[in-house]
Amino acid sequence: MDETTISNAAAPDGMRIYAIGDIHGRADLLDRLAQTIDDDLRKGDYSAAVCVFLGDYVDRGLDSRGVIDRLARRDFPTPIVTLRGNHEDEMLRYLDDPAMLDQFVAFGGLTTLASYGVDAGLEMKRGGAPAVLAAFLERFPQSHRRFLEETQYSAEYGGYFFCHAGVRPHVPLERQDPGDLMWIRYEFLNYRGPFEKVIVHGHTPHARVENLVTRINLDTHAFKSGVLTAAALEGKRRRFMDTAG
């Protein structure tokens, strides 16, 4: 995919912004998209570039550890801003409370545990949920926890507002609740009025990018489809690139 449209919003002068949708443990796709972005950076005329990751780095895919490790090292072609998704929110809760294991598993956390070398079934036999968490914490680097804790709820550049899930209509952007920024769905998706800025988000998977007047949804179900998508926002231009093919 590499299509260009003209937006009603603009990035700051001289800045190129890459926004990246939900990764969900697909470190392989992150590597491929990084190369695509690196190639794209060689084109055009701009003075600064940044990548904004929209959250949901973990669960479902097979290499959550690899995703977090790369992002925690900030190993990417540009400076990065990492936002918090609902899956990071759940993971942080689980790190402090073994009783959250069922919820963590329901969100696809078994693959995350496995990526850190934790056999959840074996640990359950040994000592139940506390043993699973203890084994996880033994293998979970402090740099990875620090990465999760330092993720942001939102970011703004020019006429664009970036968050994981969306925003609550009729609430000013500076007063949005963090829970909504990570979790909201239908109240946001079904709203047809304008927002203060164009909202760039993920959270709700679609087969293709939703490139709308008021919002851009970049969640293309990467862990299942193999398609991880990025938007390149520059001036009033929107371009899209992905790992398809």
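These notes cover a sheet, a helix pair and a pocket in a predicted model.

1. Five strands form an open sheet in the order 5-6-7-9-8, and their pairing is mixed. Strand 5 (154–157) and strand 8 (210–211) are the edge strands, each pairing on one side only.

2. A parallel pair within the sheet. Strand 7 (residues 198–201) runs parallel to strand 9 (residues 215–217), and three bridges join the two. His201 has Asn217 of strand 9 opposite it.

3. Helix crossing. Helix 2 (residues 64–72) and helix 7 (residues 142–149) have axes that come within 9 Å and cross at roughly 75 degrees. Angles of 65 to 115 degrees count as roughly perpendicular, and the two helices are therefore described in that way.

4. Residues at the crossing. Helix 2 contributes Arg65, Ile68, Asp69, Leu71 and Ala72, while helix 7 contributes Ser143, His144, Phe147 and Leu148. By class, this contact has five nonpolar, two polar and two charged residues.

5. Largest pocket. The space in the largest pocket is about 160 Å³. Strand 4 (80–82) and helix 7 are the elements that give two or more residues to its lining. Ile80, Val81 and Thr82 are among the lining residues, as are Ser143, Arg146 and Phe147. The lining also includes Ala72, Arg73, Arg74, Glu150 and Gln152. Its residues divide into four nonpolar, three polar and four charged.

Terms used:
Residues are numbered from 1 along each chain as its sequence is written. This is a predicted model: local features need pLDDT of at least 70, side-chain atom pairs count only at pLDDT 80 or more; totals for chains, interfaces and linings use all residues. Side-chain values use heavy atoms; hydrogens and water are left out. Two strands pair if DSSP finds at least two bridges between them. Helices (H or I, at least four residues) and strands (E, at least two) are DSSP runs, numbered from the N terminus. Axes are lines fitted to C-alpha atoms, for helices over the stretch in contact, and angles run from 0 to 180 degrees between N-to-C directions. Angles under 35 degrees count as roughly parallel, over 145 as roughly antiparallel, 65 to 115 as roughly perpendicular and the rest as oblique. Contact means heavy atoms within 4.5 Å. Ala, Val, Leu, Ile, Met, Phe, Trp, Tyr, Cys and Pro count as nonpolar, Asp, Glu, Lys and Arg as charged, and the others, Gly among them, as polar. On a 1 Å grid over the protein atoms alone, a cavity is a set of points where a 1.4 Å probe fits but cannot get out, and a pocket is an open set with protein on both sides within 12 Å along at least five of seven lines; lining residues have an atom within 4 Å of a point. Grid points are joined across faces, edges and corners, and a volume is the space filled by probe spheres set on the points.
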